[in-house]
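Look at the sequence and the model below.

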Amino acid sequence: MGRKTWESFPDPFRPLPNRYNIVITSNSNLIPADTPHSAVVPSFAAALALIDSLNSQHDQVLIDRVFVVGGGRVYQEAMETPGHHVQIFITRVQFEDADICDAFFPPIDTKRFTLQPHQRLTDVAAFAVPSGVQTESGLDYEFLFYEDEATRI
Ligand SMILES: NC(=O)c1ccc[n+]([C@@H]2O[C@H](COP(=O)([O-])OP(=O)(O)OC[C@H]3O[C@@H](n4cnc5c(N)ncnc54)[C@H](OP(=O)(O)O)[C@@H]3O)[C@@H](O)[C@H]2O)c1
């Protein structure tokens, strides 16, 4: 995740539990060194290298699934990274007045990523994801799933 995304979590909720947290920032002191299962790196490529390094220190692969949780530039770089099977889980919020938003998901390259049938999302998530437009507190949203079919195993 990017530094602002990290900072958007209140202190008691970071690092996110039960996973290794990697924060991309130019501030190498952002997270105290004794913070458990966390690290800062200067770039997306350095994040991938750290994961490889953590895995190579053990007999079995510790980290076999990476969730990129934003923000915009990190999502962009993740979508452009070759050599990995990239899946995009999106909650698309239907919103008339985007002017009040200050962070956006980058455009999806539909030559690489194909919008999947809803059943594929349910299969990958392994639970019944609500299908179609949902409404909550007057806001309409939909769970969508894109996948790079060329690298699907
Ligand atoms: N709805 C969602 O799913 C979702 C997900 C994520 C974030 N958000 C929201 O979006 C906002 C933050 O997103 P954002 O796009 O503005 O910022 P961001 O990516 O979280 O943070 C930006 C900062 O991260 C570092 N950074 C990010 N990508 C980098 C890269 N590729 N290489 C080097 N450094 C990189 C830089 O830190 P330094 O300036 O420290 O060098 C940069 O200033 C927050 O309000 C957050 O709550 C929402």
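H37 counts as exposed because it has 12 C-beta neighbours inside 10 Å. H37 is not a glycine, yet its phi is positive, about 35 degrees. This residue sits in the loop between β1 and β2 (38-41). Helices (H or I, at least four residues) and strands (E, at least two) are DSSP runs, numbered from the N terminus.

The model is predicted: local features need pLDDT of at least 70, side-chain atom pairs count only at pLDDT 80 or more, and totals for chains, interfaces and linings use all residues. Residue numbers start from 1 along each chain as its sequence is written.

S137 also has a positive phi without being a glycine; the value is near 50 degrees. S137 is located in the loop between β5 (134-136) and β6 (139-147). With 4 C-beta neighbours inside 10 Å, S137 counts as exposed. Most residues other than glycine have a negative phi, and most peptide bonds are trans.

| Peptide bond | Omega |
|---|---|
| R14 to P15 | about 0 degrees |
| G70 to G71 | near 0 degrees |

P15 belongs to the loop between α1 and β1. G71 is in the loop between α2 (44-56) and α3.

Which residues come nearest to the ligand? Of the 20 residues around the ligand, they are G2, T5, S26, G70 and G71. A residue is near a molecule if its C-beta atom, placed from the backbone, lies within 6 Å of it. Two or more residues of this shell come from each of α1 (3-8) and α3 (72-80). Sorted by class, the shell has six nonpolar, 10 polar and four charged residues. Here Ala, Val, Leu, Ile, Met, Phe, Trp, Tyr, Cys and Pro count as nonpolar, Asp, Glu, Lys and Arg as charged, and the others, Gly among them, as polar.

In soluble globular proteins, nonpolar side chains tend to be buried together. The largest nonpolar core of this model consists of 10 residues: M1, W6, I22, V23, I24, V40, A47, V68, V74 and A78. β1 (21-24) and α3 are the elements that give two or more residues to this core, and the largest share, three residues, comes from β1. Such a core is a set of buried Ala, Val, Leu, Ile, Met, Phe, Trp, Tyr and Cys residues joined through C-beta atoms within 7 Å. M1 touches W6, V23, V69, G70 and V74, leaving aside residues up to four places away in sequence. Two residues are in contact if their C-beta atoms, placed from the backbone, lie within 7 Å.

Now to the chain as a whole. The protein chain has four helices and six strands, in the order α-β-β-α-α-β-β-α-β-β along the sequence. Its C-alpha atoms fill a box of roughly 45 × 40 × 30 Å, taken along the principal axes. Of its 153 residues, 10% count as buried. Among contacts between residues at least 6 apart in sequence, 52% join residues at least 24 apart.

An unreviewed UniProt entry carries the annotation "domain: DHFR" for residues 1-148. Over residues 1-148 the chain is 24% helix and 20% strand, with the end C-alpha atoms 21 Å apart. UniProt positions follow the numbering used here, feature names are shortened, and annotations may be inferred rather than shown by experiment.

Conventions: Buried ≥ 20, exposed ≤ 12 C-beta atoms within 10 Å, placed from the backbone.
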